[in-house]
Amino acid sequence: MKTKVTVVVDNIASNGISGEWGLSILVEYGDKKILLDAGGSSLFLKNMKSLGIDVKHIDYATLSHAHSDHANGLPAFLDNNDKAKLYLRESTNSDCYMKVLFVKSYVGIPRNLLNNYSDRIEMVSGDYKLTEGVYLIPHKTRNLEKQGKRDKMYRRTSSGWKVDDFSHEQSLVLDTDKGLVIINSCSHGGAANIINEVKKTFPDKKVYGLIGGFHLFNKSKAEIKDLADKIRSTGIEYVCTGHCTKNRAYKILKDELGSIVNQMRVGYEISF
């Protein structure tokens, strides 16, 4: 299937088009247009106009995970597109926080998103087929609470604070002519874990590439090099990363993995 991926919002501005701390990606898969995330504000609308993309023509919207730098633009999307459903993991709620000692900072979705747009939202579970050749895949790796604790991420529940296990995170998987391509905007569950989750979900298919942020901006050089080794061991042939990977970690990954690694920026296009 002819597939084109366009980075609408990323940290790195390009060709006069603005960036911000956030991510928004448009996938054109055959005749379907799929939006993954809407960045941290309504900037994605301005960038779409600059890139010649009509927001009204998008068929599906998905949220990679329940954090504000990916979800804050969603009300603007739903207000400017009257046909696309928004697909979220069933555990998604307005309950995500950064918690450092006694300091708590809300980092979740717009607080009224689920109520204000309930008629446009689909809460999905398990392996979900969005349309032919396109899937939403949840985490299947155990003990992801360790990742949440490492990054000081918590969820505020009726029974108290719980370490985030990223059950609200999902991968958008595309069946392309080169093999499966995974898009996961922050890869909080671990980029190598995500690749292996998709390999196990589709054992008869080749996993070609991974696109997204890898949440490495706060990781040590040793942790980044360890991830590079794990990515190499999966055998994938293409990596495109940006946003929460940031430049320092990108350079380390590039040194370790070479030509398979590419850097995101606003307006970057990838065809498969």
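The model is predicted, so local features are described only at pLDDT of at least 70 and side-chain atom pairs count only at pLDDT 80 or more, whereas totals for chains, interfaces and linings use all residues. Residues are numbered from 1 along each chain as its sequence is written, and side-chain values use heavy atoms, with hydrogens and water left out.

An open sheet of seven strands runs in the order β8-β5-β4-β3-β2-β1-β18, with mixed pairing; strands are DSSP runs of E of at least two residues and helices are runs of H or I of at least four, both numbered from the N terminus, and two strands pair if DSSP finds at least two bridges between them. Because β8 (121-124) and β18 each have a single partner strand, they stand at the edges, and one side of each is left without a neighbour in the sheet. From one strand to the next the twist averages 20 degrees, where axes are lines fitted to C-alpha atoms, for helices over the stretch in contact, and angles run from 0 to 180 degrees between N-to-C directions.

Within this sheet, strand β1 (residues 3-9) pairs with strand β2 (residues 24-29) in the antiparallel sense over six bridges, and Val7 has Ile25 in β2 as its bridge partner. Helix α1 (residues 43-50) lies across β1, β2 and β3 (32-36) and runs at about 130 degrees to β1; contact here means heavy atoms within 4.5 Å.

Turning to the aromatic residues, a search of the whole structure finds nine aromatic pairs; rings of Phe, Tyr and Trp (its six-membered ring) pair if their centres lie within 6.5 Å, with planes under 30 degrees apart counted as stacked, over 60 as edge-to-face and the rest as tilted. The pair of Tyr208 and Tyr238 is stacked, because the ring centres are 6.1 Å apart and the planes stand at 10 degrees. This pair links distant parts of the chain, with Tyr208 in strand β15 (residues 207-212) and Tyr238 in strand β16 (residues 238-241), 30 residues apart. Tyr238 counts as buried at 11% relative accessibility (buried means under 20% relative accessible area, exposed over 50%, partly exposed in between, with a 1.4 Å probe and protein chains only). Tyr238 also forms an edge-to-face pair with Phe272, at 5.8 Å centre to centre and 85 degrees between the planes.

Elsewhere, Tyr60, Tyr87 and Tyr128 form one aromatic cluster.
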